[in-house]
Amino acid sequence: MKHSLRKKWIAGITASVAMSFSLMVAADTNRAFVPMGTADAVGVIDLENRKVTSSIGGTLNTHGSALTPDGRYLVVGSLSAHDRQKPVSRPEGVSEDEHAAHHGGGKSTELEAGSTGLLYLVNTATKTIDRKLEVPGPVHHVLVTSNGRYAVSTHPASGSISVVDLDSGQLVKTVATGPAPNYLVQTDDGQSLLVSNTGNGTVSEVDTEHWFVERNLRVGGNPEHMVLAPGNQRLYVNDAASGQVLVLELAKGAVANRYEVGEAPHGVGLSADGQTLYATSQGGNQVVRIELASGARHTRPLAPAPYHLAVSPYDGQLLVTSRAENKLWVLDPESLDVVDEIALSGIGHQISLEAD
């Protein structure tokens with residue numbers, strides 16, 4: 001009898017803890033995670049109340065970020081080289097031999113000092129760093145594949161992207177794409193990644209099963225940030241050289257249209273229905289809205305230096321950071337008016353958003 005009661009008591013406690021954890025995670029939905037560069041932290045913003053609720057420390061100069069599909073983890077990448085002079089600590093549960101093999105066994109590898117970068121795997125419930133994963137060079141932007149298996153990073157210095165298995169922490173592939181790879185997006189079916197190469201005016205299409213470049217699409221200029229339209233027929237690419245957003249027809253592999261944004265364009269995003277394009281112009285101190293059906297263009301001054309842009313899945317509002325000041329603006333998607341301004345601890349970079 002006592003044993004039976006004890007089992008029921010433990011089961012009750014377990015259920016209560018599980019329910020509490022579930023409620024905690026549910027209460028934490030609709031958040032934005034903003035790497036803040038040299039502030040060495042990631043800001044966590046409650047989108048409903050438009051407030052910074054916490055800050056994740058222990059990072060170094062983070063720029064790129066991406067959430068796993070289940071929202072349990074955030075992957076953030078450091079734009080600084082990682083010092084390998086200190087030995088890398090062996091994770092719990094990994095043998096000395098396995099650890100040595102993973103890190104080259106004392107022999108020269110592509111993860112040598114001065115050419116090594118870091119990814120931080122952050123638990124979004126506890127807001128703590130669970131793991132640090134080494135990659136071949138400083139990281140610009142990050143993507144997590146739609147199956148949640150891989151973190152893919154762009155490495156401008158080496159002209160490549162890296163692929164890390166999030167379960168094992170192993171670097172499984174480095175793929176050369178072109179000079180100064182910048183941004184990356186994934187097709188809806190998960191079979192391809194598209195990578196902008198700022199240094200030679202191309203977009204590389206990468207096969208995600210075998211990890212090789214299937215084709216390089218010439219767009220010209222200096223392609224940077226991108227957003228993929230629903231249905232994957234068109235890719236919108238900002239061109240820092242021309243001050244435009246280019247419309248790349250993926251089936252034809254050709255630029256079909258161009259939209260004026262302004263000097264030094266940077267962030268780009270689409271409304272949930274894919275009918276409205278948004279972009280920022282750092283040099284022109286403005287944000288632009290383009291109705292894709294009609295081509296109608298609307299601009300609104302925004303200063304100083306509007307930078308990264310994301311469209312909130314919570315209410316469709318625009319989240320825009322400043323390249324010159326430690327803040328994030330919240331804009332109305334129709335009027336482009338500033339509805340709120342959120343102070344950050346550093347310059348905000350690649351914004352990751354929880355799905356509603």
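Which residue takes a positive phi in the hairpin of β10 and β11? It's G169, with a phi near 80 degrees, in a hairpin that has five residues between the strands. Keep in mind that this is a predicted model, where local features need pLDDT of at least 70, side-chain atom pairs count only at pLDDT 80 or more, and totals for chains, interfaces and linings use all residues. Residues are numbered from 1 along each chain as its sequence is written, and side-chain values use heavy atoms, with hydrogens and water left out. Strands here are DSSP runs (E, at least two residues), numbered from the N terminus.

**Around β10**

- Strand β10 (residues 160-165) is mostly covered, with six of its six residues buried; buried means under 20% relative accessible area, exposed over 50%, and partly exposed in between (1.4 Å probe, protein chains only).
- Both faces of β10 are covered: S160, S162 and V164 are buried on one side, and I161, V163 and D165 on the other.
- β9 runs antiparallel to β10, and six bridges join them; two strands count as paired if DSSP finds at least two bridges between them.
- The turn of the β9 and β10 hairpin has four residues between the strands, and G159 there has a positive phi of about 65 degrees.
- β11 (residues 171-176) is also antiparallel to β10, with five bridges between them.
- S162 has a bridge partner on each of these strands: S153 is one, and T174 in β11 is the other.

**Salt bridges**

- Searching the whole structure turns up nine salt bridges, each one a side-chain nitrogen of Lys or Arg within 4 Å of a carboxyl oxygen of Asp or Glu.
- R149 bridges to D165, with the closest N and O atoms 3.3 Å apart. This pair links distant parts of the chain, since R149 is in the loop between β8 (142-144) and β9 (150-155) while D165 is in β10, 16 residues apart.
- R234 and E249 make another bridge, at 3.2 Å between the closest N and O atoms. R234 is in strand β17 (residues 234-239) and E249 in β18, 15 residues apart, so this pair also links distant parts of the chain.- R234 is partly exposed, with a relative accessible area of 34%.
- The side chains of E291 and R289 meet in a salt bridge at 2.9 Å, N to O; E291 is partly exposed at 24%, and R289 is buried at 13%.

**E205 and its contacts**

- E205 is in strand β14 (residues 202-207) and counts as buried, with a relative accessible area of 15%.
- The E205 side chain makes polar contacts with the side chains of S192 (3.3 Å) and R215 (2.4 Å). A polar contact is a pair of N or O atoms within 3.5 Å; within protein, one must be able to donate a hydrogen and the other to accept it, and residues adjacent in sequence count only if both atoms are side-chain atoms.
- Leaving out residues up to four places away in sequence, E205 touches S192, L193, L194, F212, V213, E214 and R215, where contact means heavy atoms within 4.5 Å.

**The largest nonpolar core**

- The largest nonpolar core has 14 residues, and Y236, V245, Y259, L270, L277 and L292 have the most contacts inside it. Such a core is a set of buried Ala, Val, Leu, Ile, Met, Phe, Trp, Tyr and Cys residues joined through side-chain atoms within 4.5 Å.
- Two or more residues of this core come from each of β18 (244-249), β20 (265-270), β21 (276-281) and β22 (286-291).
- V245 touches residues including Y236, Y259 and L277, with neighbours up to four places away in sequence not counted.

**V320**

- V320 lies in strand β25 (residues 318-322) and is buried, at 0% relative accessibility.
- Apart from its neighbours within four places in sequence, V320 is in contact with residues including T280, L302, Y307 and W329.
- V320 and G348 are 28 residues apart in sequence and 8.6 Å apart in space, C-alpha to C-alpha.

**A four-stranded sheet**

- Four strands make an open sheet in the order β3-β2-β1-β28, with antiparallel pairing. β3 (51-56) and β28 (352-353) are at the edges with a single partner strand each, so one side of each has no neighbour in the sheet.
- Two bridges join β1 (residues 31-35) to β28 in the antiparallel sense, and A32 stands opposite L353 in β28.
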